[in-house]
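Please consider the structure shown below.

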Amino acid sequence: MTDLNGDGRLDLALATRNGVVMLHNLEDGWQDVTEKAGLSKIDQPVRLIFSDIDNDGDQDLYVIGNRQNGLYRNAGDGSFSLIQSSALMRGQSPAGALFADYDHDGDLDILSSDRQSLQFYRTIEEGRFEETTEASGFNPGRETGPVGWSRHPLAYGDFDLDGALDIVALSEEGKHRVYRNIRQGKWVDWTDRMKLPEVAGVQVVLTGDFNNDGALDLFWAGQHPGALKILWNEQGRFFADSTPLTVKNIGADLNTSAAITFDFDNDGFLDIAIAGQSESDRPGIRLIRNLGNGRFEEMTHLLPVLPSDIDDIEAGDLDQDGDLDLVALSVDGLHLLRNDGGNTNRWFDIQLAAAIKGSSKNNFYGIGSTIEINAKAHYQSLLVTTPVTHIGLGKHDNADVVRVIWSNGTPQNRVNPEPFTRLVEPQRLKGSCPSLYTWDGERYVFVTHLMTRSAIGALTETGAQAYPDAADDYVKIRGDQMQPQNGKYVIQIVEELWDAVYLDKMHLLTVDHPIDSDIYVDERYVPPPYPDLNIYTATDPKLPVTAYDHHGHDILPQLTARDSLYAGDYTLGAYQGVPEEHSITLDLGNLDGAKKIQLYLCGWIMPIEPSSNLALSQRKNARIITPYLDVPDAQGRWQTVIPYTGFPSGEHKTMVIDLTDKFLTDNYRIRITTNLQLYWSEAFFTVDEPAEVPMTVTRSNPIDADLHYRGFSREYQMYRYGPFLRDYNVLSTAPQWVPFEGYRTRYGNVTTLLQEADDQYAIYSSGEEVTVTFDASSLPVLPDGWTRDYILYSDGWLKEGDLNTDTAATIEYISS
């Protein structure tokens, strides 16, 4: 049951002895569109599984058959074409398969089972997969393999409440398995820890929050009454086997081979329908109503007369009247069971819509995400498994708030949602670095980010971990950005994204210098070992004669000053941080006789997140082009003279590139090329800068540092190609990110923790802030004609909450 052609109505697809049959849901009946679909010649199909495997919004098809298996792409009009055939699945025909973003990298993967083992397949490009079972941690062999031909031998969900999708697999001998997702496409066996019982004859496993406590429970059913169980999830610690007697009695005379969860009466509690072969004259479907608080009752009497043997069931709102109907399949044919009366309670539908272009952090419909609903005192939690999630509200007129935990772990709230809510994923940074705010005499202003190059446990585009060195970070604070308050400089180091901060040391350098010169530090990202502090001076900055982008467009106006204009006219790619290859070309004019040339570029970067890097490492057709610098040779051909220039390590960062002796001719043009998402706001250069410009540098250690909760500044993007800005003076104290697990530093005075680089950290995370104070009263008096700027030094670490960061969303441990 799925929407084959995108018209908003649920259509039907059947696997029959004669092939695949497609039925289009019209307002006044059904239309056979099998020939148009192009699937009529598929031989002996057994299972049909729909999912959007190429992230284009259309429901594609995976066919499991006796002769062959195949993936078929939906063209968007209900017609299908073969993408990948039986080579996809090894061994015997799968007993079942589930599509979800198991490695949380933004695209759907496949978990399947045959009679012997589990197989895991990752996306390598849109609609194509390769097997990576060997590295997944699933144990092959019959003792851990799932049941043969049951309808639901597998289930997924975040059972331990750590944000990643875990697996339950049924075993023929009753040795069922729970596999905990340890990220990056790997699992460990947690069966004993989760106390999963051994029960033979279980044919079906479903997940659902049956007691509305926010943790996914398990429902089992099978060949005998003892196989019918509800296993209550005790908040991620273990499953408790405490099945209500009512539930056991309902299925006592049914050999169950199929089951579904659905809220048929829209009361906000997940109900259950089980189907199979009845041992009595009763129908082959049992309807179990969830009354809440662990209580259930049988409502099979609501069903019409049905055969005693039902092969399969599905649920969906076929007539779009606000309640979920049933479709049952038996040897007698298809049975459409209209729900009359379920819509007397209130309800609404949610469709998640991921940001795909220039992002790809989540799969198109957010499959694997969690939706939480609050309506007055009523709470429920639903796992997203289909493009549209139906939500019952009981007698409540509407939901007060809906919270989505996207499959990449990012939360999103919607207050007072409409009856049909399409929740679009916002384009925003998820993790980056702590923000630095300074007092400019009137208000706190955003300066830049700190410790960007110390993201521990993060993945690179190769799938390897990033450099583990501490930040050892210097950033410039302009004199107009920081003014004293009562003889003190006060700065705020705020974590406003999904990060944990390990702040070890901080000091402030006050740099006094002549007003006709300016100072800079190199704020670019380079691999360790990091260079020592070098204070660069610019007494006579020069603009390029011309500046062009890769389109040939004049971008010199965007590069003449550090203002609201940015150069960045390129096409975004599939992933955040990886657009098309692009370049800027600068002509520096006549530099004959120059002995030393320094290029200064100011800009910002939209970072690639660890989960996107994981996806890139799996792609056969993707690569990262780090910035490199070319100059013309005597024949006018571009030659690379700096293979890696580095890039701005965050927002409002300046990078310094030494061009001395880099030019091959008297053609003083340079070209910088990359496919990183870089935006430039200023470019200038110096020629034969004096070796020594007078300056006075005074170092100050913190005299006070206080850790406390603050909240989150308003985030906005004002300028085209400009960075995300934050208004410190507009505050929300509501939580915005999933909390890190583990101990952080207690609130209060942390001054002693910031005095030395001694691995004694001030540890804090999202919404928390360290206010650091430096003495301004004892600084030297400025000479006439001089001005004052600042350089802030910070040392420490950063850990992103991204689900594919090593030990993600936990304070411990600090990997190295």
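What follows describes the predicted model in terms of its computed geometry.

This is a predicted model, in which local features need pLDDT of at least 70 and side-chain atom pairs count only at pLDDT 80 or more, while totals for chains, interfaces and linings use all residues. Residues are numbered from 1 along each chain as its sequence is written, and side-chain values use heavy atoms, with hydrogens and water left out.

The protein contains four helices and 58 strands, both taken as DSSP runs (helices H or I of at least four residues, strands E of at least two). Its radius of gyration, 30 Å, is close to the 28 Å that the globule rule gives for 816 residues, so the protein is as compact as a globular protein of that length. The radius is taken over C-alpha atoms, and the rule is 2.2 Å times the number of residues to the power 0.38. Along the principal axes, the C-alpha trace spans about 100 × 65 × 50 Å.

Of the 816 residues, 60% are buried, that is, under 20% relative accessible area with a 1.4 Å probe, protein chains only.

An automatic or database assignment divides the protein into domain 1 (346–424), domain 2 (428–517 + 693–815) and domain 3 (520–691). The C-alpha centres of domain 2 and domain 3 are 25 Å apart. Their contact (heavy atoms within 4.5 Å) takes 46 residues from domain 2 and 39 residues from domain 3.

Note on methods
Buried < 20%, exposed > 50% of the residue type's maximum accessible area, 1.4 Å probe, protein only.
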